[in-house]
Amino acid sequence: MQRSISSTNNVYRNLLHHHKPPTSTTVTRHQTPCDIFINHRGIDTKKNVAGLLYDHLMRLNLRPFLDSKNMKPGDKLFDKIDTAVRGCKVGVAVFSPRYCQSYFCLHELARIMEAKKKVIPVFCDVKPSELIVKNRWRCPKHELDRFQSALDEAKYTVGLTFNSSKGDWPEFLMTATEAIIENLIEVEEEEDQKLID
């Protein structure tokens with residue numbers, strides 16, 4: 001699916017019109033809010049899909065969260081992740097071949113789904129049917145059920161697919177960014193409507 005440059009410009013223009021940048025009252029020294037939480041398996045996607053998407057969103061003056069970029073030594077992993085998930089407006093779940101081998105990926109995904117965030121799945125080099133939770137960590141059954149439920153919900157959400165060896169990287173980046181921006185605008189309009197009501 002290819003979009004024209006004028007269509008893309010309209011999406012970016014809408015973003016600038018609707019998106020609310022942080023104010024001094026919403027940002028403290030200890031908390032940087034994020035608009036988009038990027039959930040991914042670092043070993044598979046940090047240096048390509050997730051990293052490029054993060055950099056592109058930053059250039060658009062959005063506030064993405066990517067663990068390798070937003071966390072520093074001394075941060076409490078679960079606290080920082082949970083705070084970012086609670087504060088985000090849109091989640092991007094980048095699924096990759098080894099995604100389900102990571103407890104942390106599945107934990108983040110479950111937190112995003114439990115927080116009822118809007119989620120955009122990106123299936124990178126993997127089909128939804130290949131994503132299966134296995135108990136590699138000796139977790140209690142309720143934890144595995146939590147992970148499987150979140151994964152099932154994401155697998156049955158309309159998303160994007162990308163083949164990293166054959167795909168067109170600039171086109172993918174533009175399509176993913178447009179989807180994120182459109183969802184971000186939708187969430188912010190819903191928030192504005194709630195304030196009016």
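Lys155 sits in helix 7, which covers residues 141–155. In this predicted model, Lys155 is buried but makes no salt bridge.

**Around Lys155**
- The nearest side chain of opposite charge belongs to Asp152, and it is 4.2 Å away.
- What Lys155 does have is a backbone oxygen: that of Leu131 lies 3.0 Å from a polar atom of the lysine side chain.
- Leu131 also turns up in the contact list of Lys155, along with Phe123 and Pro128, once neighbours within four places in sequence are set aside.

- Five strands make up an open sheet, with parallel pairing and the order 2-1-3-4-5.
- Strand 2 (64–65) and strand 5 (160–162) are the edge strands; each has a single partner strand, so one side of each has no neighbour in the sheet.
- For strand 2, pairing with strand 1 (residues 36–40) is parallel and runs over two bridges.
- Within that pairing, Ile36 is found opposite Pro64 of strand 2.

**Helices on the sheet**
- Helix 8 (residues 169–196) packs on the sheet and touches strand 1, strand 3, strand 4 and strand 5. Its direction is at about 165 degrees to that of strand 4.
- Helix 6 (residues 103–114) lies across strand 1, strand 3 (90–95) and strand 4 (118–124). Relative to strand 1, helix 6 runs at about 145 degrees.

Definitions and conventions:
Residues numbered from 1 in each chain as written. Predicted model: local features only at pLDDT ≥ 70, side-chain atom pairs only at ≥ 80, totals over all residues. Heavy atoms only, no water. Helix = DSSP H or I, 4+ residues; strand = E, 2+ residues; numbered from the N terminus. Buried < 20%, exposed > 50% of the residue type's maximum accessible area, 1.4 Å probe, protein only. Lys, Arg positive; Asp, Glu negative; His and termini not counted. Salt bridge = Lys/Arg side-chain N within 4 Å of Asp/Glu carboxyl O. Polar contact = N/O pair within 3.5 Å; in protein donor to acceptor, adjacent residues only side chain to side chain. Contact = heavy atoms within 4.5 Å. Pairing = 2+ DSSP bridges. Axes fitted to C-alpha atoms, helices over the stretch in contact; angles between N-to-C directions.
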